[in-house]
Amino acid sequence: MNPTEIFYWSLAATAAGLVLTGVWGVLTRKNILRIALAFTLADTGVNLLLVWSGFIPGRSAPIMDPTVTSVVDPLPQALVLTSIVIGVAVAALFVVVGVLAARKSGSADVRRMKELRW
Amino acid sequence: MTASLLAAVACVTGLMMIVAGIASLLVKKLISAIIIVGFVSLSASVLFFLMHAPDVAITEASIGAAASTVIFLWGRARIGGEE
Amino acid sequence: MIRSITGMIIVLALAAAVFSVIPYNGVTEELHGAGSYYAENGVADTGSINLVTSVVVAYRGLDTLGEVVVLFSASTAVVLILSLVPMGGKPTAPSQIVQTTARILPGAITLFGIYIVTHGHLSPGGGFPGGAVVASAFLLVLLGSRSLPGAAGMLTAVESLAGLAFGLLGFWGVYVMGQFLNSRVLPGGSPGQLISAGIIPLVSLAIGAKVASELSGVFASYRSKGETVEPD
């Protein structure tokens, strides 16, 4: 494995690790704000994975200066731009509704929020 | 940046991000968890820069690390951090 | 404990399912499909040398319109909930350092944000990060002030007008050329100049104004109405 391949696959491993950490956090944590934090971690991991899918080692950023000859794929970067903004909008709504539910049921523990059950 | 330096930086940063991500879900105080998630967002911005995506790096740094942290800090101020 | 182990097993199963279908063919070497088209014809079609901005605003402008709608609905929902359900809480008075900083810095930060928005087609940036930087300047003003600045009505007005401007610019493309958000309705100019790239700088301005006013509205609604802070 030459250094370029180590660089390439370590980025993908980081992104996948963040997604798995976020999913584990959503499944096992009890405080509603910690669930929101884990969701944000998973969202960051997914964005990293999307940008990684368009990355080609050795090429440069997609700003076509006169000195630039070959660029990486600009399409996943455009999609991730949208995805980051949507991620923060969802996090804001998640936190506000979580605070509302915690105030209504008296504690921030999801096991106490009885209205969430069937 | 030589290829081996890039590989070393990416490996170290990636390992740090995963350890920090797991730690943020296990620490006792909520304020520490929020700050660690903000740090993971900032490191993600560095990784975006290493992948030659400057637009995404600026956006992640300004929105993910700043606006998102403020949102979580407000939520913690209304509920109270667990001890 | 049981929940932790079950969660771990589910995550490991998910990891095995995902990692078993990834093609480990080696490092990618060439651009394919739409990416190669954008890399070759992006500057000639739209006139903007930032390919990501040309994709976001011109080639995939409809996706950006959808994303603007998502951001609008989320921020409106947050502001609506926070104005109907009082969340209480007692803010503390800002310290001397914060007050002084909040008098000096927001001007420079706003200027930097406007620079990022208007040079979206020349250097990395565009409407979204520029709008977020301007919103963080507004947040600094909020943090250093003792009472709520009464700008909520103007923020809503700016946000609505910016969204309307985005739609009207798109329909201008339909009127002139038969295509929604075609960037050639204004002259393309020479790539690399500030006044170039057709309609892209105007759309970036609209997006930047919309994102800035939305995030600022969300930050302003975190302070309840009529709440003042006693000086210490």
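In this predicted model, helix α3 of chain A, residues 74-105, packs against helix α4 of chain C, residues 61-84, with axes that come within 10 Å and cross at roughly 20°. Because angles under 35 degrees count as roughly parallel, α3(A) is roughly parallel to α4(C). The crossing of these two helices, α3(A) and α4(C), is left-handed.

On the chain A side, the contact is made by A:Thr82, A:Val85, A:Ile86, A:Ala89, A:Val90, A:Ala92, A:Leu93, A:Val96 and A:Leu100 of α3(A). Facing them from α4(C) are C:Asp63, C:Thr64, C:Glu67, C:Val70, C:Leu71, C:Ala74, C:Ser75, C:Ala77, C:Val78, C:Ile81 and C:Leu82. Sorted by class, the residues in the contact of α3(A) with α4(C) are 15 nonpolar, three polar and two charged.

Chain B can be taken by itself. What elements does chain B contain, and in what order do they run? Chain B has three helices and zero strands, so that its elements read α-α-α from the N terminus on. Along the principal axes, the C-alpha atoms of chain B fill a box of roughly 45 × 25 × 10 Å.

Chain B has 83 residues, of which 53% count as buried. When contacts in chain B between residues at least 6 apart in sequence are considered, 50% of them join residues at least 24 apart.

Conventions. Residues are numbered from 1 along each chain as its sequence is written. Chains are lettered from A and ligands numbered from 1 in the order in which they are written. This is a predicted model: local features need pLDDT of at least 70, side-chain atom pairs count only at pLDDT 80 or more; totals for chains, interfaces and linings use all residues. Helices (H or I, at least four residues) and strands (E, at least two) are DSSP runs, numbered from the N terminus. A residue is buried if 20 or more other C-beta atoms lie within 10 Å of its own, exposed if 12 or fewer, and partly exposed in between; C-beta atoms are placed from the backbone. Two residues are in contact if their C-beta atoms, placed from the backbone, lie within 7 Å. Axes are lines fitted to C-alpha atoms, for helices over the stretch in contact, and angles run from 0 to 180 degrees between N-to-C directions. Angles under 35 degrees count as roughly parallel, over 145 as roughly antiparallel, 65 to 115 as roughly perpendicular and the rest as oblique. A crossing is left-handed if the near helix is turned anticlockwise from the far one by less than a right angle, and right-handed if clockwise. Ala, Val, Leu, Ile, Met, Phe, Trp, Tyr, Cys and Pro count as nonpolar, Asp, Glu, Lys and Arg as charged, and the others, Gly among them, as polar.
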